[in-house]
Amino acid sequence: MTLRLGVPEIIRTGKDVTIVTYGACCRVVLDAADKLSKVGIEIEVIDVQSLLPFDIHSMIVESLKKTNRVLFVDEDVPGGTTAYMMNEVIEKQGGYFHLDSPAKSLSGTAHRPAYGSDGDYWSKPNAETIFDAVYEMMNEVDPETFPKIY
């Protein structure tokens, strides 16, 4: 299969929050999407597929027009790829104008990950941290439907 560079793929449609990610994080985000769906939150998952060029047709902004909320997820260090994607969408493509909530990012932690694969759980975004980040966004919008989880 040949991928067109700069053309993201919507790998799950949703109406509440857009999650922008790529690579190995797609699987993790889709797992979180299943969990979020069980509590009534439908997320749109976009796999950017390439960073250079990045979203040449502004597909992510089109998704923001529908959801009005965005979370950028990546396993890079804070301020890395999530910041780059956020800058491209929010600043350069004008996604800011379609947001009802602040844009957020969820990246890996700023430390050296453990050598074993179990260290990935503490170092990289996982389904639970993605669930919490999205649920928090929805709590801000509708605290009665999505009460705080302690």
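Trainee: Is Val141 buried, exposed or partly exposed?
Mentor: In this predicted model, Val141 counts as partly exposed, because its relative accessibility is 37%, a value that falls between the 20% limit for buried and the 50% limit for exposed.

Trainee: Where does Val141 lie, and what is it in contact with?
Mentor: Val141 lies in helix H5, and, if we leave aside its neighbours within four places in sequence, it is in contact with Arg69 and Ser101.

Trainee: How far apart are the C-alpha atoms of Val141 and Leu64?
Mentor: Their C-alpha atoms are separated by 15 Å, while along the chain the two residues are 77 residues apart.

Trainee: Staying with H5, how do the axes of H1 and H5 cross?
Mentor: The axes of helix H1, residues 25-37, and helix H5, residues 127-141, come within 8 Å and cross at roughly 55°, and therefore H1 is oblique to H5. The crossing of H1 and H5 is right-handed.

Trainee: Which residues make that contact?
Mentor: On the H1 side the contact is made by Val28, Val29, Asp31, Ala32, Lys35 and Leu36, and on the H5 side by Ala127, Ile130, Phe131, Val134 and Tyr135. Sorted by class, the contact of H1 with H5 has nine nonpolar residues, two charged ones and no polar ones.

Trainee: Let me pick Leu36 from that list: is it buried or exposed?
Mentor: Leu36, which is found in helix H1, is buried, with a relative accessible area of 0%.

Trainee: And what is Leu36 in contact with?
Mentor: Leaving out its neighbours within four places in sequence, Leu36 is in contact with Ile41, Ile43, Phe131, Val134 and Tyr135. As for Pro147, which is 111 residues from Leu36 along the chain, the C-alpha atoms of the two are separated by 14 Å.

Trainee: Changing topic, how many disulfides does the count come to?
Mentor: The count comes to zero disulfides. Cys25 is in no disulfide, and the nearest cysteine sulfur to its own, that of Cys26, is 7.5 Å away, whereas a disulfide would need the two sulfur atoms within 2.5 Å.

Trainee: Are those two cysteines buried or exposed?
Mentor: Cys25 is buried, with a relative accessible area of 2%, and Cys26 is buried as well, with a relative accessible area of 8%.

Trainee: What about the backbone, where is there a cis peptide bond?
Mentor: A cis peptide bond joins Leu52 and Pro53, with omega at about 0°, and Pro53 lies in the loop between strand E3, residues 43-47, and helix H2, residues 59-67.

Trainee: Which residues other than glycine have a positive phi here?
Mentor: Asp55 is one of them, with a positive phi of about 40° although it is not a glycine, and Asn68 is another, with a phi near 65°.

Trainee: Where do Asp55 and Asn68 lie?
Mentor: Asp55 lies in the loop between E3 and H2, and at 2% relative accessibility it counts as buried. Asn68 has its place in the loop between H2 and strand E4, residues 70-73.

Notes:
Residues are numbered from 1 along each chain as its sequence is written. This is a predicted model: local features need pLDDT of at least 70, side-chain atom pairs count only at pLDDT 80 or more; totals for chains, interfaces and linings use all residues. Side-chain values use heavy atoms; hydrogens and water are left out. Axes are lines fitted to C-alpha atoms, for helices over the stretch in contact, and angles run from 0 to 180 degrees between N-to-C directions. Helices (H or I, at least four residues) and strands (E, at least two) are DSSP runs, numbered from the N terminus. Angles under 35 degrees count as roughly parallel, over 145 as roughly antiparallel, 65 to 115 as roughly perpendicular and the rest as oblique. A crossing is left-handed if the near helix is turned anticlockwise from the far one by less than a right angle, and right-handed if clockwise. Contact means heavy atoms within 4.5 Å. Ala, Val, Leu, Ile, Met, Phe, Trp, Tyr, Cys and Pro count as nonpolar, Asp, Glu, Lys and Arg as charged, and the others, Gly among them, as polar. Buried means under 20% relative accessible area, exposed over 50%, partly exposed in between (1.4 Å probe, protein chains only).
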